[in-house]
Amino acid sequence: MSTASLPDIVFMLLFFFMTVTTMKDSSLMVANTLPNASEIKKLEKKDRVIYIYVGTPTQEYQKVFGSEPRIQLNDKFANVDEVGSYILAERAKKPQELQNVLTTALKVDKEANMGLITDIKQQLREVNALKVNYTTYEGDAFNNLQ
Amino acid sequence: MPRRKGAPEVNAGSMADIAFLLLIFFLVTTTIETDAGLDRMLPPIEPPEQDVVIKQKNIFTVNINRNGQLLVEDNLMEIKDLREAASAFLENGADGSCTYCKGRKDPSSSDNPSKAIISLKNDRETKYSTYITVQNELVGAYNDLRNREAQRLYGTDFTTMESKYLDPETPSNVRDDLKDKVKRIQDMFPQKLSEAETTTD
């Protein structure tokens with residue numbers, strides 16, 4: 001039996017995995033320097049997480065969207081009142097058994113104001129997405145104050 | 001000079017092994033990085049059936065203004081002192097029913113940890129980073145107390161126990177064992193951190 005083609009097959013598999021398992025991350029259109037916190041919990045199980053990004057639009061988008069912090073849902077900017085329907089849409093995409101255990105990860109730039117966050121929280125409450133995770137970096141929380 | 005018979009043979013037998021090794025290496029190392037942060041529950045939008053009357057002394061109010069200054073129980077406070085103040089409030093134990101509390105039993109402060117509520121309010125202009133710092137300190141106050149009790153009962157930190165419990169790689173028999181312990185500690189100091197508008201009579 002010839003195993004001469006085995007390396008080729010395995011190399012093909014290797015390249016497949018190398019290309020596929022890169023970080024799948026929607027490209028950020030907002031500045032996203034997260035604050036630091038020390039009492040953090042890891043966000044296990046990526047399939048149960050819905051992400052909401054908040055921050056100042058990056059340089060290239062500032063002409064169109066201004067320099068005030070904005071919400072990014074998937075790959076586009078959104079207004080506060082679209083958050084609810086976004087959560088419902090994302091929730092509908094998940095398998096039935098996960099729909100009640102979803103976490104909303106708020107990736108908010110540290111320069112953002114609480115007004116926007118309060119509005120988002122209100123929206124989340126309205127669609128009953130009560131479990132939130134304020135995503136942060138691990139570090140001393142007092143570094144935020146400087 | 002003898003004619004060469006084709007190209008010389010290269011021994012490629014180990015090629016497959018090398019490739020497999022690489023494959024396994026990539027399979028193992030390219031886990032998608034996990035995020036971490038502060039877990040919080042938002043209050044449900046429907047108000048509870050009957051109005052629960054909460055005594056003012058059981059509520060620890062924290063107000064953050066637009067300049068990031070703290071008003072704790074109507075007194076100005078530095079953020080670095082918040083953790084200690086919150087712990088002192090939580091384990092005050094004025095009614096004496098909390099046997100493990102080491103508080104001062106001040107009658108004007110909380111009755112016991114299960115009644116003690118921390119109410120956090122903020123201004124719309126408050127910076128998010130300040131808010132997170134305050135949240136972190138309040139969660140930290142709970143964690144400090146829970147760690148202390150976990151150390152006393154089980155000789156380990158609550159936070160390590162909890163993260164081990166939540167880690168999907170922990171074997172299930174260890175998890176079942178941890179579940180009760182984690183639950184017990186959580187019940188000793190239930191996290192009642194309200195962000196809703198709390199009104200009192």
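Predicted model: local features only at pLDDT ≥ 70, side-chain atom pairs only at ≥ 80, totals over all residues.

Mentor: Strand S2 (residues 59-64) and strand S5 (residues 117-122) of chain B pair in the parallel sense, over 6 bridges. Within this pairing, B:Ile64 stands opposite B:Asn122 in S5(B). The two strands belong to an open sheet of 5 strands in chain B, ordered S4-S3-S2-S5-S6, whose pairing is mixed. Strand S4 (75-77) and strand S6 (193-194) of chain B are the edge strands, each pairing on one side only.

Another strand of chain B, S1 (residues 36-41), pairs across the chain boundary: 6 bridges join it to S7(A), and the two run antiparallel. There, A:Asn133 stands opposite B:Asp39 in S1(B).

As for the contact as a whole, 49 residues of chain A are in contact with 46 residues of chain B. On the chain A side, the elements that give two or more residues are helix H1 (6-20), strand S2 (41-42), strand S6 (103-108), helix H4 (114-126) and strand S7 (131-138) of chain A.

Chain A itself has 4 helices and 7 strands, running α-β-β-β-α-β-β-α-β-α-β from the N terminus. Its radius of gyration is 19 Å, well over the 15 Å that the globule rule gives for 146 residues, so chain A is more spread out than a compact globule. The C-alpha atoms of chain A fill a box of roughly 70 × 35 × 35 Å along the principal axes, and buried residues make up 31% of the chain's 146 residues.

Conventions. Residues numbered from 1 in each chain as written. Chains lettered and ligands numbered in written order. Contact = placed C-beta atoms within 7 Å. Pairing = 2+ DSSP bridges. Rg over C-alpha atoms; globule rule 2.2 N^0.38 Å. Buried ≥ 20, exposed ≤ 12 C-beta atoms within 10 Å, placed from the backbone.
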